[in-house]
Amino acid sequence: MDSPSSANRQRRNGCRIVLFPLPFQGHINPMIQLAKILHSRGFSISIFHTRYNFPDPSNYPHFTFHLLSDGLSELEASTLDTLRLVKLLIANCVEPFEQCLAQILSPDDLICRVVCVVSDAMWYFTQAAADKFKIPRIVLRTSSVCSFLAFCALPLLRERYLSYMDSKMEAAVLELPPIKVKDIPRLETHDGEDMYRAIENMVRETKKASGLVFNTFQELEEPELAKLQEQFLMPTFTIGPFHKRFSAASTSLFTQDRSSISWLDAQAPGSVLYVSFGSIAAMDQQKMNEMAWGLADSMQPFLWVVRPGLVRDSEWLAMLPDEFLEATHDRGYIVKWAPQQEVLSHPAVGGFWTHSGWNSTLESICEGVPMICSPFFGDQMVNSRYVNDIWRIGIRLEKGLERGEIRDAVRRLMVERDGEEMRQRVMCLKEKAGFCLNSGGSSYEALDALVDFISSFTFPA
Ligand SMILES: O=c1ccn([C@@H]2O[C@H](COP(=O)(O)OP(=O)(O)O[C@H]3O[C@H](CO)[C@@H](O)[C@H](O)[C@H]3O)[C@@H](O)[C@H]2O)c(=O)[nH]1
């Protein structure tokens, strides 16, 4: 799909891009995919990475890896919740990042001619470092444009709607239709306001960047992109869906249980609900029980990713009631981690119950699989509202995790006419996602434009 001319390739030889992912699965995946895309267009790649979740470099023989000491103790790395980890990593990585950048930019380093830095939007401090070394920074925002707009409006939304937040959850947010008060991204942590401040910093520093990249496609979020461009004046490139630019590429941090595929092979076409809440979401035992009994009561076959840590402070499988395991042993299959993209493209899969992380949402759209959405925090609240209200390709559970609502939603999605209509709509989006990557398509052209943009940093016209 990506076939650069050899002249362009030669021209870019020796030009190096530094990429710096936020070290969580949902952020590493798109950053490494972007690195592969840029490498396929002739750029050399250096990945700066924290010790935390450091990927295995042998999986990426064409990239150079640089380890940043992130200052996390083993105890912190294994016990803190994600929002606290993000906060600590941001505080600890400012200096190591600057030092590493200084080193790679040093004239002694003859193999490298670094032309720009591409960093996760949440690494907002990298803008100041890039400015200091007079090197352009491109921001990768790993979620949707619609949720980014909500983050941009967060100070205003909190001011206007904070007093509503517990009493009028269903009220419309007039500034950002279709979202409701209950969809305003919540980032409560032990440290109160810190994450909200981090989001404000992210938005402010993104506005100073040279360019902005999203893992989405124009046809999916056209009105939102127009709104974004009123606020962000730099060139913006929507070159997604990233993962569909490769035949089979896994950037998984965990071992994928391939028995899930052989189990699916034995199921009827379109019959299985795939259930996975990504790499971060966690819940208490009572919610887990509701999930389990909702699934059991739906009487539908399911493949369920029960990640260690999905239920706080609980051992794996102790999370699941014995009666549930007995009741569903002939139509349910449980794994710790699955090859998700392959699962979603399997003919036996007819629906996806997701937490509405952006990678999962895009992967589902790309395989034409309609969704049930149970958002937990942040962008997931907005993504799921769009799935339900705007794209109409899924059902958002409005009561949280409650067995009756789950049972009804699973049946609606998997066996009722309503679900079939959602399936037809998501198939249309799947087709659009495919077209946009082909020659002349919106993401194809946007990638050409991004490559020219980066090349112009070293080769002025
Ligand atoms: O068994 C599994 C489960 C998941 N995945 C993969 O893991 C990724 C999960 O990403 P995502 O769906 O985005 O969820 P999170 O891991 O929760 O991602 C974080 O990062 C995303 C991108 O910024 C945000 O949208 C989310 O809200 C945030 O929680 C996807 O590529 C999945 O294919 C697997 O390979 N196997």
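Predicted model: local features only at pLDDT ≥ 70, side-chain atom pairs only at ≥ 80, totals over all residues.

Visitor: How many bridges join strand S2 (residues 44–50) to S3, and in which sense do they run?
Guide: Six bridges join S2 to S3, and the two strands run parallel. Two strands count as paired if DSSP finds at least two bridges between them, so S2 and S3 qualify as a pair. Ser 46, for example, has Thr 64 in S3 as its bridge partner. Strands here are DSSP runs of E with at least two residues, helices are runs of H or I with at least four residues, and both are numbered from the N terminus.

Visitor: What makes strand S3 (63–68) and strand S7 (236–238) edge strands?
Guide: The open sheet has seven strands in the order S3-S2-S1-S4-S5-S6-S7, with parallel pairing. S3 and S7 each pair on one side only.

Visitor: What makes strand S5 (residues 137–141) largely enclosed?
Guide: Buried means under 20% relative accessible area, exposed over 50%, and partly exposed in between, with a 1.4 Å probe and protein chains only. Five of the five residues of S5 are buried, so the strand is largely enclosed by the rest of the structure. Arg 137, Val 139 and Arg 141 point one way, Ile 138 and Leu 140 the other.

Visitor: Which strands pair with S5?
Guide: Strand S4 (residues 113–120) pairs with S5 in the parallel sense over four bridges, and Ser 119 has Val 139 as its partner.

Visitor: Why is the crossing of helix H16 (residues 403–415) and helix H17 (residues 417–437) called oblique?
Guide: Their axes come within 5 Å and cross at roughly 60 degrees. Axes are lines fitted to C-alpha atoms, for helices over the stretch in contact, and angles run from 0 to 180 degrees between N-to-C directions. Angles under 35 degrees count as roughly parallel, over 145 as roughly antiparallel, 65 to 115 as roughly perpendicular and the rest as oblique; H16 is therefore oblique to H17.

Notes:
Residues numbered from 1 in each chain as written. Heavy atoms only, no water.
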